[in-house]
Amino acid sequence: MSESAEEQKARSSGSPSVTKLARGFAIWIGSWWLLLGLLFAPVTPGGLLTVLIVAAVLTAPIILVLRGLAGRYHPPAGQRLWLLRPFWYVQAALPLVGVGALGGLVLGLLFSAPGAGGRWGATIAATAFGIAAIAGYFGSRRLVVRELLVEHPDLPSGFEGTRIVQLSDLHVGPQTDRAFLARIAAAVRAAEPDLIAITGDQVDDYGLDTDDFVAAFGGLTAPLGVVAIAGNHDIYAGWRTVRERLEAAGIRVLVNDATALERGDGRVWLAGTGDPAAFGWSAGGASEAVPDIAATLARVPSGAFVIALAHNPALWPALVRRGVALTLSGHTHHGQLSIPRLRWSMASPFLRYAMGSYHEAASLLYINPGTNYWGIPLRIGAWPEVTVLTLRRGATVALTVER
């Protein structure tokens, strides 16, 4: 079967190789550092050389990142906390500081002082980022339990009142705060779910991190099971390793496959997709997670009620075309900075499906903002979330927030 237009678009959102990532990173970061270097060299002892040395020191941890993505290194907790975390803070701040510098430079031209204007713009932007980083750190600990009501006229009567807990984008590693993970697990148990769905990015870029994930969440149980799918970071980490360790812990992994769930006299099908990141990744068994919607739904009878788990919401249009009733996604983190009342997030300018819920035909999509964070503990508006979805048979197709 040929790919649909939607699947081709999803393919285009796959990830490049480690070499291409390194090249793109060098061009992107190098451009910002060059701009800042030219602005600050006149007022810095040692001039441009000093700025370039600072840039090299702050950028050096990229070597650890690239070695990890290539499967050749597993950084311990100390390196992640004291080398990689500052590195990611700098990378997050750099384009914002650069934009501030450009804005200040343009304003400075009006007063015949572009250099001073650029430096002031960069300083103001850096200060604003520092304030946001402090607020975002506390926001990353603000765990929210979001209760949603899903209504659909085709829901089998046996599944009336079924509770699904969705976790997503946990990005667990040895540096992850264990007390926070325990709070997440406690919230899941308190929800008394019938099904636990973990929609990808279980780990923080390294296959061995799966052991930390299992230590935190391997004890969770539900009558209809605990199911996980592949996310892009699971693929970068080495999908085969992640999958094997999840399955060894008793977690059901669904990738390009579906399974029937029975409750009372009703039956629904739970489907799990692959992830578009696997299109452009060759290491660690990535090919096993290349998304194939036709294969995912191959065993599902025509007219069956289907709940799909798809880490990347870019796959949703293809699932809508095949009549999937409910899709649970993650991936976007809602940009880790959002204004929910305006339905806007840092991801909104870049993604068609960025945050919240969507309704098309008889299909619903919910995008979890992530239950943890990736890179740096920074969340504003897009609070870490444990999602509790209650299924009801209703006259219309609707997804509403209960709490």
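**Packing and local geometry in the predicted model**

Trp-383 has a relative accessible area of 22% and is therefore partly exposed; buried here means under 20% relative accessible area, exposed over 50%, and partly exposed in between, with a 1.4 Å probe and protein chains only. The structure is a predicted model, in which local features need pLDDT of at least 70 and side-chain atom pairs count only at pLDDT 80 or more, while totals for chains, interfaces and linings use all residues. Residues are numbered from 1 along each chain as its sequence is written, and side-chain values use heavy atoms, with hydrogens and water left out.

Trp-383 sits in the loop between strand S13 (363-367) and strand S14 (385-392); helices (H or I, at least four residues) and strands (E, at least two) are DSSP runs, numbered from the N terminus. Leaving aside neighbours within four places in sequence, Trp-383 is in contact with Gly-139, Arg-142, Val-144, Pro-369 and Gly-370, where contact means heavy atoms within 4.5 Å. Between Trp-383 and Gly-136, which are 247 residues apart in sequence, the C-alpha to C-alpha distance is 9.4 Å.

Not counting residues up to four places away in sequence, Trp-239 touches Ile-229, Ala-230, Asp-234, Val-253, Val-255, Gly-284, Gly-285, Glu-288 and Ala-289.

Helix H2 (residues 18-40) packs with helix H4 (residues 62-69) at an angle of about 160°, their axes being 10 Å apart. Axes are lines fitted to C-alpha atoms, for helices over the stretch in contact, and angles run from 0 to 180 degrees between N-to-C directions. H2 is therefore roughly antiparallel to H4, given that angles under 35 degrees count as roughly parallel, over 145 as roughly antiparallel, 65 to 115 as roughly perpendicular and the rest as oblique. The crossing of H2 past H4 is right-handed; in a right-handed crossing the near helix is turned clockwise from the far one by less than a right angle, and in a left-handed one anticlockwise. On the H2 side the contact is made by Val-18, Leu-21, Ala-22 and Phe-25, and on the H4 side by Ile-62, Leu-66 and Leu-69. These residues divide into seven nonpolar, no polar and no charged; Ala, Val, Leu, Ile, Met, Phe, Trp, Tyr, Cys and Pro count as nonpolar, Asp, Glu, Lys and Arg as charged, and the others, Gly among them, as polar.

H4 also meets helix H5 (residues 77-109), with axes that come within 9 Å and cross at roughly 105°, so H4 and H5 are roughly perpendicular to each other. Here Ile-62, Leu-64 and Val-65 of H4 meet Gln-79, Leu-83, Leu-84, Phe-87 and Trp-88 of H5. By class, this contact has seven nonpolar, one polar and no charged residues.

H8 passes H9 in a right-handed crossing. Thr-210, Asp-211, Phe-213 and Val-214 of H8 make the contact with Val-242, Arg-245 and Leu-246 of H9. This contact divides into four nonpolar, one polar and two charged residues.

Some loop residues deserve a look too. Asp-201 lies in the loop between S3 and H8 and is buried, with a relative accessible area of 1%. Asp-205 is placed in the loop between strand S3 (195-198) and helix H8 (210-217); although not a glycine, Asp-205 has a positive phi of about 80°, and its relative accessible area of 11% makes it buried. Asn-256, in the loop between strand S5 (252-253) and strand S6 (257-263), is likewise not a glycine and has a positive phi of about 55°. At 15% relative accessibility, Asn-256 counts as buried.
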